[in-house]
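Thanks for coming. I will take a few minutes to walk through one structure, and you can follow along on the screen.

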Amino acid sequence: LQVLVLTFLIALVLIAIADIDRPYQGLVKVEPEGFLFAVRTLHSQPNP
Amino acid sequence: VLNNVLIIIACVSGAVLFLFLVTRASTAPSRRESNDFTGAVVAVIGTTYAVILAFTLSGVWSMFQQAQANEEQEANAVVNVFRIATQLQDPNAKPIRDLCVRYVDNTVGREWAMMEKDQMTPEGAEMINRLWTLAGESQAHAQPDAIAAYQLMEELRGLTQYRRLRAMQSREHLPGILWTVLIVGGIITVAASCFFGVPNFRFTFCRCWSSPS
């Protein structure tokens, strides 16, 4: 049991590292929140 | 998600297989005799590995947060360029504002999807180059708008820098040697913990669950 839990935990942490290491890919990624806000802002501004 | 689950199942299966081989190759009493030695080895290897793992996780999380902050700053710089351009009394002001709108549309609509494949659109870089050309022309003949033109160049400098950082963060990953250390370290740590001899499985099982620490 100890070996199973240890292996599971290490594998989980390594997968988390692999996922976070690619900030624009995978499950955990940077979303374009700032750019979406910029799109809304720029399209709402008058552009004569 | 499926890939990650399969990797975890493969790792746990490999550990179980190794544990099975160890129990077949040696008797429990013989392993129990060397529990003190195995404990010391596992403590040293486990602690070293835990430190490496914790620092790596902390490092990549820090990089992730920097990528988030960089994205916000880049978006903010485009909005600032647009807003400064609205203050300019210059024929280039309208093309600059149009380019800002096209830049954010291109980034959200196309570039973000392409960055999942480690790629950036060439249009983004071309728009930045065009913005520099227009801002340079504006500054050259911007006597009444000298301050605004200067601020425009400053924001454009920030925009270019944040874009380059985003491209770098999308491209750069942990080096292979570090992955080797993490994977080999994990295998050694798990393998070392397989050499413990347990006197009574039920007793050990209950003890593990009642006081995991």
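Of the 48 residues in chain A, 44% are buried. Please keep in mind that this is a predicted model.

Staying with chain A for a moment: it has two helices and zero strands. Its C-alpha trace spans about 70 × 15 × 10 Å along the principal axes.

Now to how chain A meets chain B. The crossing of helix 1 of chain A past helix 1 of chain B is right-handed.

Which residues meet there? From helix 1 of chain A, the contact has A:Val3, A:Leu4, A:Thr7, A:Phe8, A:Ala11, A:Leu12 and A:Ile15. On the side of helix 1 of chain B, the partners are B:Asn4, B:Ile7, B:Ile8, B:Cys11, B:Val12, B:Ala15, B:Val16 and B:Leu19. By class, this contact between the two helices has 13 nonpolar residues, two polar and no charged.

Next, the second largest pocket. Its volume is about 590 Å³, and 26 residues line it. Lying nearest the centre of this pocket are A:Ala11, A:Leu14, B:Ile7, B:Cys11 and B:Ile183. Of those names, A:Ala11, B:Ile7 and B:Cys11 also came up in the helix contact.

Which helices supply at least two residues each to this lining? They are helix 1 of chain A, helix 1 of chain B, and helix 7 of chain B, residues 176-193. The lining divides into 18 nonpolar, six polar and two charged residues.

Helix 7 of chain B also holds B:Thr189. Is B:Thr189 buried or exposed? With a relative accessible area of 5%, B:Thr189 falls under the 20% cut-off, so it counts as buried. Leaving aside residues up to four places away in sequence, B:Thr189 touches A:Leu6 and A:Ile10 from chain A, and B:Ile45, B:Gly46 and B:Tyr49 from chain B.

Where is B:Asp118 placed? It sits in the loop between helix 4, residues 93-115, and helix 5, residues 122-140, of chain B. The phi of B:Asp118 is near 60°, which is a positive value in a residue other than glycine. B:Asp118 has a relative accessible area of 33%, so it is classed as partly exposed, between the 20% and 50% cut-offs.

That is the end of my part.

Notes: Residues are numbered from 1 along each chain as its sequence is written. Chains are lettered from A and ligands numbered from 1 in the order in which they are written. This is a predicted model: local features need pLDDT of at least 70, side-chain atom pairs count only at pLDDT 80 or more; totals for chains, interfaces and linings use all residues. Side-chain values use heavy atoms; hydrogens and water are left out. A crossing is left-handed if the near helix is turned anticlockwise from the far one by less than a right angle, and right-handed if clockwise. Helices (H or I, at least four residues) and strands (E, at least two) are DSSP runs, numbered from the N terminus. Contact means heavy atoms within 4.5 Å. Ala, Val, Leu, Ile, Met, Phe, Trp, Tyr, Cys and Pro count as nonpolar, Asp, Glu, Lys and Arg as charged, and the others, Gly among them, as polar. On a 1 Å grid over the protein atoms alone, a cavity is a set of points where a 1.4 Å probe fits but cannot get out, and a pocket is an open set with protein on both sides within 12 Å along at least five of seven lines; lining residues have an atom within 4 Å of a point. Grid points are joined across faces, edges and corners, and a volume is the space filled by probe spheres set on the points. Buried means under 20% relative accessible area, exposed over 50%, partly exposed in between (1.4 Å probe, protein chains only).
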